[in-house]
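Me: Could you walk me through the labels on this one? I'd like to hear what each of them rests on.

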Amino acid sequence: MAAVTVLTGGSTPERDVALAGAAQVVAALRARGHAVTVVDTVYGPLSSADEQRLLVPAVGTAPPTLEQLAVLAERELGVEVATLAAVCDADLVFLVLHGRQGEGGTLQAVLEGAGVTYTGSGPLGSALAMDKDVAKRLFQHAGIPTPDWRMWPASEPELHAIGLPVVVKPSKVGSTVGLTVVRDWRELDDAVAAARVYDDEVMVETFVSGREYTVGVLGDAALTVGEIRPSHEIFDYECKYTPGLTEEIFPADLRPAVTARFQELAAMAHRVLKLRDFSRVDFRLPPNGPPQCLEVNTLPGMTATSLLPQSAAAAGVPFDALCDRICHLALARAAEGNRAPTGRIY
């Protein structure tokens with residue numbers, strides 16, 4: 001058993017999602033016998049009372065307000081997190097963070113510079129996956145179908161080449177924060193402004209009609225394909241985190257050949273972005289066409305009912321075993337002396 005520090009919280013719009021995941025990861029690791037400490041990248045090491053107050057399994061229907069995020073950002077520890085005894089003395093740091101500061105590669109570089117063993121992808125893979133524009137360029141090069149897109153600002157001919165409807169979203173933010181579906185070009189400026197609240201780079205992407213699917217990846221293996229059926233037009237923040245608003249079906253009811261293709265593309269995307277340990281790959285399947293890869297999450301949600309844990313559970317890996325397996329993948333990599341962001345553990 002290991003001394004594991006769960007690093008969570010943060011000052012991104014997905015803070016509540018991270019804390020909800022940490023609540024269940026901490027419980028799972030302790031059930032497996034690990035000695036677990038919790039560190040919030042904003043408030044530092046948490047006491048038992050702090051854990052009870054902050055590690056709440058439920059996520060609200062909306063992200064924190066900009067005012068709340070500004071207050072949190074002022075307290076963000078930044079590079080100092082790697083100097084905390086709870087971090088640098090741990091056998092392993094288990095990352096339960098979302099958003100650019102937690103999964104964009106900077107934190108990973110800080111931890112590697114301090115010689116800290118941590119879960120998930122390295123600095124390079126994390127940065128590649130976080131930047132949706134760069135990731136989609138790599139998908140195209142590898143032959144992974146992905147919806148057409150342009151980065152804002154784009155000329156009128158470029159936009160009309162994509163055609164309506166389009167999805168306007170921040171390039172480096174997850175959980176559909178700041179995302180808008182635009183069906184009339186007159187709505188575009190407002191949608192871009194909404195996205196720019198969260199990121200200085202904005203993507204305008206073809207809206208792919210059809211069903212939504214997701215595939216977890218653990219180690220070098222694609223897990224079970226799941227279908228996501230939100231009650232809204234898109235799988236937005238409210239549908240993601242409000243019980244009862246989304247039906248999630250694992251395994252998805254697909255022909256074996258289609259299932260195999262989803263799994264093949266998920267594993268390809270994981271490799272192309274030089275990821276390691278685990279990820280979750282999201283797709284849309286249009287009525288007449290191949291699966292379209294939307295994005296890859298390097299630190300996907302980790303509540304027991306999140307999509308990666310559901311994908312793993314359907315493949316015979318329950319939640320506590322999933323958390324334990326992620327720990328062992330990282331520890332084995334460290335034991336081999338490979339802490340650099342090579343992206344491959346196989």
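**Strands, helices and cores**

Reply: Let's start with a strand pair: strand 12 (residues 278-285) and strand 13 pair in the antiparallel sense, with five bridges between them. One of these links Arg280 to its bridge partner Asn297 in strand 13. Bear in mind that this is a predicted model, where local features need pLDDT of at least 70, side-chain atom pairs count only at pLDDT 80 or more, and totals for chains, interfaces and linings use all residues. Residues are numbered from 1 along each chain as its sequence is written, and side-chain values use heavy atoms, with hydrogens and water left out.

Me: What makes strand 12 and strand 13 a pair?

Reply: Two strands pair if DSSP finds at least two bridges between them. Strand 12 and strand 13 have five bridges, so they count as a pair.

Me: Why do strand 11 and strand 13 stand at the edges?

Reply: The open sheet has five strands in the order 11-10-9-12-13, with antiparallel pairing. Strand 11 (246-249) and strand 13 (292-297) each have a single partner strand, so one side of each lacks a neighbour in the sheet. The twist averages 25 degrees from one strand to the next.

Me: Why is helix 1 called roughly perpendicular to helix 14?

Reply: Helix 1 (residues 15-31) and helix 14 (residues 319-335) pack at about 85 degrees, axes 9 Å apart. Angles under 35 degrees count as roughly parallel, over 145 as roughly antiparallel, 65 to 115 as roughly perpendicular and the rest as oblique, so helix 1 is roughly perpendicular to helix 14. Gln24, Val25, Ala28 and Leu29 of helix 1 meet Phe319, Asp320, Cys323, Asp324 and Cys327 of helix 14 (contact means heavy atoms within 4.5 Å).

Me: What makes a nonpolar core, and how many residues has the largest?

Reply: A nonpolar core is a set of buried Ala, Val, Leu, Ile, Met, Phe, Trp, Tyr and Cys residues joined through side-chain atoms within 4.5 Å. The largest has 47 residues, and Val6, Val25, Leu29, Phe94, Leu95 and Met302 have the most contacts inside it. Helix 14 supplies the largest share, eight residues.

Methods
Axes fitted to C-alpha atoms, helices over the stretch in contact; angles between N-to-C directions. Helix = DSSP H or I, 4+ residues; strand = E, 2+ residues; numbered from the N terminus. Buried < 20%, exposed > 50% of the residue type's maximum accessible area, 1.4 Å probe, protein only.
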